[in-house]
Amino acid sequence: MRPILLPDPPSLSTGVPDIFEQGGSHNVVRRAVVIGNGFPGSENQCIGLVRALGLSDNHLLYRVTRPKGGLNEWLHWLPVGFHKKLDFILRHIYLYSRLMLGSKQSKYTSSVPSENGGNVGLASILEADVKGIVNLARQTYEKDGPLIVIACGRDTISIASSIRRLASENVFVVQIQHPRSHLNRFDMVITPRHDYYPLTLEAQEQVPRFMRSWITPREPPQDHVVLTTGALHQIDYASLRKAASAWHDEFAALPKPLVVVNIGWPRSNCRYGADLAKQLTDSLLNVLATCGSVRITLSYKTPAKVSRVIFKELGDNPKVYIWNGQEPNPNMGHLAWGDAFVVTADSVSLISEACSTGKPVYVVGADHCKWKIAEFQKSLRERGVVRSFTGFEDMSESWSYPPLNDTAEAATRIRRELAARGWSLRS
């Protein structure tokens with residue numbers, strides 16, 4: 001196979017010579033705060049953007065996680081703010097009942113479990129300290145310059161918007177993934193282009209007329225909304241070079257071509273089961289003759305019925321290695337050393353990472369997807385970034401394309417907005 005050239009590392013320059021930069025040191029952004037939600041897929045997007053901005057060595061990570069146990073478990077899909085209000089109401093009902101029932105019933109009422117007990121209820125919430133972040137931004141502004149705040153996921157929306165509202169002169173707040181409403185609460189919103197699929201005529205025709213006003217988003221993107229093709233991530237030129245060195249001993253001797261298979265899990269807009277797993281294994285067995293070696297990774301959320309098919313059909317094949325989920329995670333080694341990738345269509349993140357390498361990416365199961373995920377798959381095919389995995393490929397045949405570079409492009413937009421504000425960004 002002919003070698004694939006990795007994309008050049010993104011430039012950290014703003015394009016303005018130092019001598020002409022506006023203002024003093026208090027106008028230079030040197031640090032970042034990340035607001036995560038505890039999910040790797042979301043937090044990797046934040047960390048990736050921090051890397052592209054050259055601030056990976058100077059950032060703080062805060063998390064907002066969902067409550068667990070009891071009634072909260074049944075209502076886990078609701079916003080964290082709802083759980084806080086629910087907890088407030090339940091506590092007041094509990095206190096009121098103690099007052100009304102009196103001491104004769106104190107034994108009964110004391111048996112009501114506390115929401116703050118153990119690791120359930122609101123005790124299991126990690127909530128970013130808005131006041132602390134705001135004070136940090138204000139009190140250290142003259143000495144350390146502005147603070148860039150990067151958040152991702154719906155549970156982080158209220159935190160990030162509150163920080164901007166309270167310290168708008170000292171922070172630049174970026175929200176990754178569409179916040180559904182109130183876009184003006186952020187300095188910048190970075191979201192995949194397919195999030196705006198509901199506004200297309202094709203999407204509108206799929207929705208009953210009386211429900212169209214409920215679809216998010218309701219309006220076209222504003223000027224401060226950056227549309228990407230896929231998800232942001234931590235994969236760039238430097239990280240791939242570093243991974244190639246770190247994983248050299250494990251991967252360098254493997255027979256070529258090395259085909260990496262990444263299996264995600266079914267989602268609401270991309271449902272599948274053992275049928276797709278069987279289709280995938282049959283196709284892999286068909287192309288195995290043109291593979292030097294195959295390495296398969298399954299997500300911790302991959303259904304057991306899918307995993308069973310994979311292990312049954314390929315577990316004993318000498319050319320195939322199936323990662324068992326134990327650390328260290330070989331994902332970076334796979335991206336650096338893999339010659340081609342086969343990815344299930346459900347995962348925007350896995351596909352985006354693979355497409356940032358410029359190497360062949362094959363997608364399986366796109367016909368199981370609908371709505372926004374189907375639009376994402378369509379956009380990649382039109383750009384020539386992915387091909388469908390049919391089982392008739394010659395995996396030793398190489399092809400390439402302009403790699404997806406969403407993270408670096410988003411970082412460039414941030415630099416422009418900072419410059420418009422009179423701020424510069426230096427690592």
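**Asking how we know**

Biologist: Which residue is the bridge partner of valine 33 in strand 3?
Modeller: In this predicted model, valine 33 is bridged to leucine 60 of strand 3.

Biologist: What makes strand 2 and strand 3 a pair?
Modeller: A pair needs at least two bridges, and 5 bridges join strand 2 (residues 31-36) to strand 3. They therefore count as paired, and they run parallel.

Biologist: In what order do the strands of the open sheet lie?
Modeller: The order of its 6 strands is 3-2-4-5-6-7, with parallel pairing. From one strand to the next, the twist averages 20°.

Biologist: Which helices lie across strands of this sheet?
Modeller: Helix 5 (residues 130-139) lies across strands 2, 3, 4 and 5, at about 170° to strand 2. Helix 16 (residues 406-420) lies across strands 4, 5, 6 and 7, at about 160° to strand 6.

Biologist: Why is asparagine 170 called buried?
Modeller: Buried means under 20% relative accessible area, and asparagine 170 has 11%, so the word applies. Asparagine 170 sits in the loop between helix 7 (157-166) and strand 5 (171-176). Leaving aside residues up to four places away in sequence, asparagine 170 touches Ala137, Arg138, Tyr141, Pro146, Leu147 and Trp423.

Biologist: How do you know that the buried residues of helix 12 are on the same side?
Modeller: The buried residues are Val306, Ser307, Val309, Ile310 and Leu314. They cover an arc of only 160° around the axis, which means they share a side of helix 12. On the other side, Arg308 and Lys312 are exposed. The cover over the buried residues includes strand 8 (258-263), helix 11 (274-287), strand 9 (293-298) and strand 10 (320-322).

Biologist: And what makes the buried residues of helix 9 line one face?
Modeller: Ser239, Leu240 and Ala243 are the buried residues of helix 9 (residues 237-246). Seen down the axis, they fall within an arc of 95°, so they line one face. Lys242 and Ser245 are exposed on the face turned away from that buried side. Among the elements covering the buried residues are helix 1 (40-52) and helix 13 (331-337).

Conventions
Residues are numbered from 1 along each chain as its sequence is written. This is a predicted model: local features need pLDDT of at least 70, side-chain atom pairs count only at pLDDT 80 or more; totals for chains, interfaces and linings use all residues. Side-chain values use heavy atoms; hydrogens and water are left out. Buried means under 20% relative accessible area, exposed over 50%, partly exposed in between (1.4 Å probe, protein chains only). Helices (H or I, at least four residues) and strands (E, at least two) are DSSP runs, numbered from the N terminus. The arc is that of the directions from the helix axis to the C-beta atoms. Contact means heavy atoms within 4.5 Å. Axes are lines fitted to C-alpha atoms, for helices over the stretch in contact, and angles run from 0 to 180 degrees between N-to-C directions.
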